[in-house]
Amino acid sequence: MKDRLEVMLRDGTPVIVRPLVEEDRAVVAESYRRLSPEARYHRFWTRTGEMLGDALLDRLVHQGPNHMTWAVLDPARELPGLGAASWWRDVNDESHAEVSASVLDRDQGRGVGTLLFAVLWLTAMRAGISRMTGYTLVENRRAARWLINCGGDGEWDGYKLAFHWDLNNLDCLPETHTAADLASWLADLSPVLLEG
Ligand SMILES: CC(C)(COP(=O)(O)OP(=O)(O)OC[C@H]1O[C@@H](n2cnc3c(N)ncnc32)[C@H](O)[C@@H]1OP(=O)(O)O)[C@@H](O)C(=O)NCCC(=O)NCCS
């Protein structure tokens with residue numbers, strides 16, 4: 001599997017998509033610091049301030065068979081990170097993973113999240129995962145709408161929203177431009193991430 005992709009965002013910006021590595025610690029910590037308090041809370045569900053703890057940093061930059069975090073980077077920028085997304089295999093069910101994503105506030109709405117979601121989909125499938133779940137807080141309407149537009153089958157568990165995907169079923173994708181973008185990334189990237 002190729003682990004460094006060079007692609008273009010829909011506005012023509014060339015970006016690199018690759019898993020985070022140990023050397024990215026400083027960039028990840030600074031990107032986290034620059035997230036708005038709201039975006040940080042929506043992704044991590046805690047108001048712990050601007051510092052990302054070492055334990056979570058460790059988890060994000062070390063990849064393995066049960067976890068991957070991929071990032072979208074613009075090398076032309078002083079701080080190259082635009083966003084990152086992870087899947088974490090379920091310890092009780094190896095065919096299932098939890099997914100999460102975070103895009104810097106100023107880069108939201110540029111298609112970065114949808115590109116990362118396609119990468120998670122394909123790399124999780126390659127690792128033998130066939131179902132994914134993403135969670136959002138009920139008030140996080142933007143993420144909920146995005147996850148629905150990415151084909152997530154949502155339910156409220158009384159505390160948070162859970163969105164489910166069957167990775168073998170592309171018929172779940174609705175007729176939205178976000179889903180069309182997702183389908184197009186899946187088609188473009190599957191030869192390198194799934195079959196390569
Ligand atoms: C949720 C989140 C990850 C989405 O990432 P993003 O990079 O903004 O997502 P995208 O740009 O790919 O898609 C979002 C919006 O862009 C717009 N968009 C997507 N494709 C488009 C296209 N082809 N043309 C025009 N607009 C488009 C849409 O408005 C879309 O929103 P909608 O699908 O809800 O209508 C991001 O908002 C975020 O980091 N939020 C804070 C953290 C968080 O909530 N994480 C929880 C997620 S598990």
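The shell around the ligand divides into 6 nonpolar, 12 polar and 6 charged residues (Ala, Val, Leu, Ile, Met, Phe, Trp, Tyr, Cys and Pro count as nonpolar, Asp, Glu, Lys and Arg as charged, and the others, Gly among them, as polar). The model is predicted, with local features requiring pLDDT of at least 70 and side-chain atom pairs counted only at pLDDT 80 or more, while totals for chains, interfaces and linings use all residues. Residues are numbered from 1 along each chain as its sequence is written, and side-chain values use heavy atoms, with hydrogens and water left out.

In total, 24 residues surround the ligand, a residue being near if one of its heavy atoms lies within 4 Å. The closest are V103, G111, G113, T114 and N140. Helix 5 (141-149) provides the largest share of the shell, 5 residues. Helix 2 (37-44), strand 5 (93-103), helix 4 (112-126) and helix 6 (177-193) are also among the elements that each supply at least two shell residues (helices, H or I of at least four residues, and strands, E of at least two, are DSSP runs numbered from the N terminus).

Polar contacts are pairs of N or O atoms within 3.5 Å. A polar side-chain atom of N140 lies 2.7 Å from an oxygen atom of the ligand. A backbone N or O atom of G113 is 2.8 Å from a ligand oxygen atom, and for a polar backbone atom of R110 the distance to an oxygen atom of the ligand is 3.2 Å. The ligand taken alone exposes 940 Å², of which the protein buries 85% (Shrake-Rupley method, 1.4 Å probe).

The ligand sits in the largest pocket, meaning that more than half of its atoms lie within 2 Å of the grid points of that pocket. On a 1 Å grid over the protein atoms alone, a pocket is an open set of points with protein on both sides within 12 Å along at least five of seven lines, a cavity is a set where a 1.4 Å probe fits but cannot get out, and lining residues have an atom within 4 Å of a point. The largest pocket holds about 1,100 Å³ of space. Its lining comprises 42 residues, with A101, S102, N140, A143 and W146 nearest the centre. By class, this lining has 17 nonpolar, 14 polar and 11 charged residues.

The whole structure contains 1 cavity of 30 Å³ or more. About 310 Å³ of space lies in the largest cavity, which is lined by 25 residues, V28, S31, G83, A84 and S102 lying nearest its centre. Strand 4 contributes the largest share of this lining, 6 residues.

Terms used:
Polar contact = N/O pair within 3.5 Å; in protein donor to acceptor, adjacent residues only side chain to side chain. Points joined across faces, edges and corners; volume = space filled by probe spheres on them.
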